[in-house]
Amino acid sequence: MSLVLALDTATPAVTAGVVRLDGAESDVLAQRVIVDPRGHAERLTPNVVAALSDAGLRMTELDAVVVGCGPGPFTGLRVGMATAAADPHALDIPVHGVCSLDAIGVQTTGETLVVTDARRREVYW
C-alpha cells in the first residue's frame with residue numbers, strides 16, 4: 001500500500017488530493033479543489049494541508065507525490081511543479097510528473113479526447 005499526494009495546477013482549478021494505492025486498486029482519501037485562475041500560489045499549500053488533514057495524515061506518511069505537468073499556463077504550472085519538487089525533496093520520497101490531460105482522461109472508459117481551455121480562443125488537446 002502507498003499513500004500518494006496528487007497535485008495539479010494546469011487549469012484554473014487548484015487541486016490537491018490524497019490517494020491510497022494498493023496494487024491495481026486506488027482510493028481517493030481526500031481532495032481539495034478551489035477554482036481560482038489567479039490564486040495558484042496562495043491556494044495550493046492550504047489545499048494540500050486541508051486534504052492531508054481530511055485524510056487524517058501527515059506529510060511524513062506520504063510515499064510519493066504526483067504532479068500534473070500541463071499543458072497549461074506557465075504561472076500555474078510553475079507553482080505546482082515547484083511545490084511538487086520541494087516537498088518530496090524534503091521528505092526524501094519520489095515525485096512523478098503526469099500529463100494533466102492524461103490524468104483527466106484516465107477517469108473515463110473507451111477512447112477519449114480531453115480538451116482544456118488554452119485561452120486566447122485556443123485549446124489544449
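This is a predicted model: local features need pLDDT of at least 70, side-chain atom pairs count only at pLDDT 80 or more; totals for chains, interfaces and linings use all residues.
Let me start with Cys 99, which counts as partly exposed at 30% relative accessibility.

Cys 99 takes part in no disulfide, and the nearest cysteine sulfur belongs to Cys 69, 8.1 Å away. A disulfide would need the two sulfur atoms within 2.5 Å. Searching the whole structure for disulfides gives zero. Cys 69 is likewise in no disulfide, with the sulfur of Cys 99 as its nearest cysteine sulfur. Cys 69 has a relative accessibility of 33%, so it too is classed as partly exposed.

Now the core. The largest nonpolar core has 18 residues, and the members that touch the most others are Leu 5, Leu 7 and Val 48. Two or more residues each come from β1 (2-8), β2 (13-22), α1 (40-55), β4 (64-68) and α2 (74-91). Helix α1 gives the largest share, four residues. As general background, nonpolar side chains in soluble globular proteins tend to be buried together.

What is Val 48 in contact with, leaving aside its neighbours within four places in sequence? The list is Leu 5, Leu 7, Ala 16 and Met 59.

Next, helix α2. With 18 residues at 1.5 Å a residue, α2 should span 26 Å, and its end C-alpha atoms are 26 Å apart, so the two agree. The buried residues in α2 are Gly 76, Leu 77, Val 79, Gly 80, Thr 83, Ala 84 and Pro 88. They lie on the same side of α2, because the arc they cover around the axis is only 160 degrees. Phe 74, His 89 and Ala 90 are exposed, on the other side of α2. What do the buried residues of α2 pack against? They pack against β1, α1, β4 and β5 (95-98). After α2 comes Asp 92, which has a positive phi, near 55 degrees.

That brings me to the backbone. In general, most residues other than glycine have a negative phi, and most peptide bonds are trans. Pro 71 sits in the loop between β4 and α2.

Strand β6 (residues 116-119) and strand β7 (residues 122-124) are antiparallel, paired over three bridges. In one of the pairings, Thr 116 has Tyr 124 in β7 as its bridge partner. The two strands form a hairpin with two residues between them.

Two arginines here have positive phi values. Arg 119 belongs to strand β6, and its phi is positive, about 65 degrees, although it is not a glycine. Its relative accessible area is 47%, so Arg 119 is partly exposed. Arg 120 lies in the loop between β6 and β7. Its phi is also positive, at about 50 degrees, and Arg 120 is not a glycine either. Is Arg 120 buried or exposed? With a relative accessible area of 80%, Arg 120 is exposed.

How values were computed. Residues are numbered from 1 along each chain as its sequence is written. Side-chain values use heavy atoms; hydrogens and water are left out. Two strands pair if DSSP finds at least two bridges between them. Buried means under 20% relative accessible area, exposed over 50%, partly exposed in between (1.4 Å probe, protein chains only). A nonpolar core is a set of buried Ala, Val, Leu, Ile, Met, Phe, Trp, Tyr and Cys residues joined through side-chain atoms within 4.5 Å. Contact means heavy atoms within 4.5 Å. The expected span of a helix is 1.5 Å times one less than its number of residues. The arc is that of the directions from the helix axis to the C-beta atoms.
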